4 protein chains.
Amino acid sequence: MDKKHEVLTTVKDENLIEKRRQQMIQAAVSLFKVKGFHRATTREIAKEAGFSIGTLYEYIRTKEDVLYLVCDSIYNEVHTKLSEFTPENGTLEDLENAVRHYYSVIDDMSDEFVVMYQESKSLPKNALEYVLKKELEMVEIFQKILVGCIQAGELELTEAQAKLYAHTLVVQGQMWAFRRWALSKEYSIEQFTELQIQVLLYGMKK
Amino acid sequence: MDKKHEVLTTVKDENLIEKRRQQMIQAAVSLFKVKGFHRATTREIAKEAGFSIGTLYEYIRTKEDVLYLVCDSIYNEVHTKLSEFTPENGTLEDLENAVRHYYSVIDDMSDEFVVMYQESKSLPKNALEYVLKKELEMVEIFQKILVGCIQAGELELTEAQAKLYAHTLVVQGQMWAFRRWALSKEYSIEQFTELQIQVLLYGMKK
Amino acid sequence: MDKKHEVLTTVKDENLIEKRRQQMIQAAVSLFKVKGFHRATTREIAKEAGFSIGTLYEYIRTKEDVLYLVCDSIYNEVHTKLSEFTPENGTLEDLENAVRHYYSVIDDMSDEFVVMYQESKSLPKNALEYVLKKELEMVEIFQKILVGCIQAGELELTEAQAKLYAHTLVVQGQMWAFRRWALSKEYSIEQFTELQIQVLLYGMKK
Amino acid sequence: MDKKHEVLTTVKDENLIEKRRQQMIQAAVSLFKVKGFHRATTREIAKEAGFSIGTLYEYIRTKEDVLYLVCDSIYNEVHTKLSEFTPENGTLEDLENAVRHYYSVIDDMSDEFVVMYQESKSLPKNALEYVLKKELEMVEIFQKILVGCIQAGELELTEAQAKLYAHTLVVQGQMWAFRRWALSKEYSIEQFTELQIQVLLYGMKK
DNA sequence: AATGAATGAGGATTCATTCAT
DNA sequence: GATGAATGAATCCTCATTCAT
């Protein structure tokens, strides 16, 4: 459950595996976005990726493997991008900037986010567990920043509150991806971000 | 697009239609919860509902109709329950109570919520539009309360801010349904609700 | 392992099941005879049986079920035919007649025999066990007749010998089915039978 | 049709061809024994043989070639082993010893025998004809010994009877390979052999 | 000679939907 | 109104074979 869920391959060349999987993931995301996991066929995925159905199956075992690779890849990308920005001062400004950075990552990858959250329930059990673990890691990133602020005396929260607020921050970012159809009519991502920072950090009461 | 999406029937007797559809919806929710819309078969739905596949198709046209009925039914139930409680004073206490009421409805119906949000993307175009409209109506309920508070001088927000905060309140409630696997280990629904009210209304800054 | 291996069905009407399965078995035997189990497709089986592929799968779960039904049906038919003729006197004449009867059944059903013995190895484990049990029952029929002859003083054999001779008689009959391509050039079934009776019962030494 | 069926090769070096084919045959027999010809894949055969799928196809043209090589190799081995022992006196003792020798060869190679007889039906037409010819040659070996006994006055049989008895002797030997699952519980190969000699040469009547 | 990545035709199975009873 | 047998398009996946390196 802790270990990375392995996707078995017939092919041996590691570089080739990486290359083909990138093609595959990109193809899959663009198809899942439009039709969802179940309505996208393995043939379509292969074609969109630029190779034959036979080749697709040299790099995966089942269609669900594709979904897993997509989810794993998205999490890794988000993690990498968030890690580029790790504030360490424990100021509220740091927290604000972390949120801004995260929300901009979501804006860049909102198709991927929507696909991941809508389809991950179709993963086989242990792949799902792995993905949920990754989700918690995302929450922990924010939790650590919050704890930093608490220790620096900038925030006055219990551990339990900090954890919940971390969830809140993560979910509010996802909201932008999921409700883009409604929200983008009214706000730009920058407006959205600043408004959210206002209410989440400082409350909506005047 | 604005009108209620109609589900055609062979049967004439309105009472019977209502009865069979309730059986159907209940069966579908419990199946979709476990296997999702795509993996649940119409045969299973019919069986779980207590009648034959032939009978199922007397009351719907396509499998997607079942999903639509499920979503429609959930929204109506939530609407009804929220309408039981419509505060009109424009106090912050009213707002808090509205949130409490909404979050407790979500707690009661969290399976239904999860099913609805995970599967509604599989609705045909115009049924989806109808459902999204319903979703906006939910947001508007909170928006109105917020506007009430603004007018009463309890909150100091622009219209744009009020709308976004309404979304936030709605989404944070759904968070309880979607992240129950993680959150319920740490908080009861009451604790969750009070903590959320704290941060959303009054901010997390000390 | 002892119980009859069950083949699950979607259809409820028992008479219909029986009818469709007979069509299926007949179609399968004629195809397996020509192409073997693996090269015959389920579509061909359905078509030959006179219904659609969908209908075929209403009456079976897997392609191997077809093979099992074929084997089971053949054994039952042979058993029934052999049971029509059960000598009880313990004379050598009885034994001879039993052999004659068995060999003529094999002549009638040699396609079926060949199919069954060539393909039964493809059965899933517990279906195979069931079929092997049936095979032993066939041997036992002859063993009993032999024991009858021993008790009547017509033959002087140990139990162990009787069992082996029963196998021999059964296998020699099957030889007619398997080596028809060579044997029928030289002998009619009647000649074959009488020559076999000679050597098996009375030896080839002058 | 009479000529040896040729398996074409890209490779020139005859020694290498022989070596690779031996690896291939051994691998194939062990796989066919477990999974049968159809379920064993060419990839598995190559891997078990210790080389790549590409290399496998340097030494054969089609998968059926592998099966042919297996059958051919088994027949040749049996022939060689039987030829080591060719009695020429025309005594019944010679006949008995030939049978003993043959049955012990079968005991040594029973996996190979089972594979050959179960799978040879999958050979392409002219390879099958070649193999059937080989089978008849096996029968002829015994037929010759029988004729020797007849000429020496030890047996009193017509040509037609001699040929049938030759088939019988060959098939009874194969019985040991095919019914090992049942027979080996009751008899050792030596017991089996002696009992068979008794009944086949001297009859079971007291 | 050896390798192994690529191919795609082919096959088993599923399941939404229909329609005769 | 209710039933459930029949249908066949759709889909996942396999595997023999090829060919560039």
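Predicted model: local features only at pLDDT ≥ 70, side-chain atom pairs only at ≥ 80, totals over all residues.

The expected span of a helix is 1.5 Å times one less than its number of residues. Helix 8 of chain B runs over residues 159-178, which makes 20 residues. From the first C-alpha to the last, helix 8 of chain B reaches 29 Å, close to the 28 Å expected.

The next point is how much of that helix is covered. A residue counts as buried when its relative accessible area is under 20%. By that cut-off, 16 of the 20 residues in helix 8 of chain B are buried, and the helix is mostly covered. An α-helix has 3.6 residues a turn, so residues three or four places apart point the same way.

Now take a whole chain. Which kinds of elements make up chain A? Chain A holds 10 helices and zero strands. Followed along the sequence, the pattern is α-α-α-α-α-α-α-α-α-α. The C-alpha trace of chain A spans about 60 × 40 × 25 Å along its principal axes.

Chain A has 206 residues, and 52% of them count as buried. Its contacts can be sorted by separation along the sequence. Among the contacts in chain A with a separation of 6 or more, 71% join residues 24 or more positions apart.

The surface comes next. Chain A has an accessible surface of about 9,500 Å², and carbon and sulfur atoms account for 49% of it.

The last topic is how the chains are paired. Two copies of a chain are related by a rotation about an axis and a shift along it. Chain B is superposed on chain A by a rotation of 180 degrees with 0.0 Å of shift along the axis, at an RMSD of 0.1 Å. The same surface serves both copies, as 100% of the contact residues of chain B recur in chain A. Within chain B, the residue that comes closest to the rotation axis is Gly203(B), with its C-alpha at 1.7 Å.

What rotation superposes chain D on chain C? The rotation is 180 degrees, with 0.0 Å of shift along its axis and an RMSD of 0.1 Å. The two copies are thus related as by a two-fold rotation axis. Of the residues of chain D, Gly203(D) comes closest to that axis, its C-alpha lying at 1.7 Å. Of the interface residues of chain D, 98% are also interface residues in chain C, so the copies meet through the same surface.

Note on methods
Residues numbered from 1 in each chain as written. Chains lettered and ligands numbered in written order. Heavy atoms only, no water. Helix = DSSP H or I, 4+ residues; strand = E, 2+ residues; numbered from the N terminus. Buried < 20%, exposed > 50% of the residue type's maximum accessible area, 1.4 Å probe, protein only. Contact = heavy atoms within 4.5 Å. Areas by Shrake-Rupley, 256 points an atom, 1.4 Å probe, with all protein chains shown as cover. Least-squares fit on C-alpha atoms with pLDDT ≥ 70 in both.
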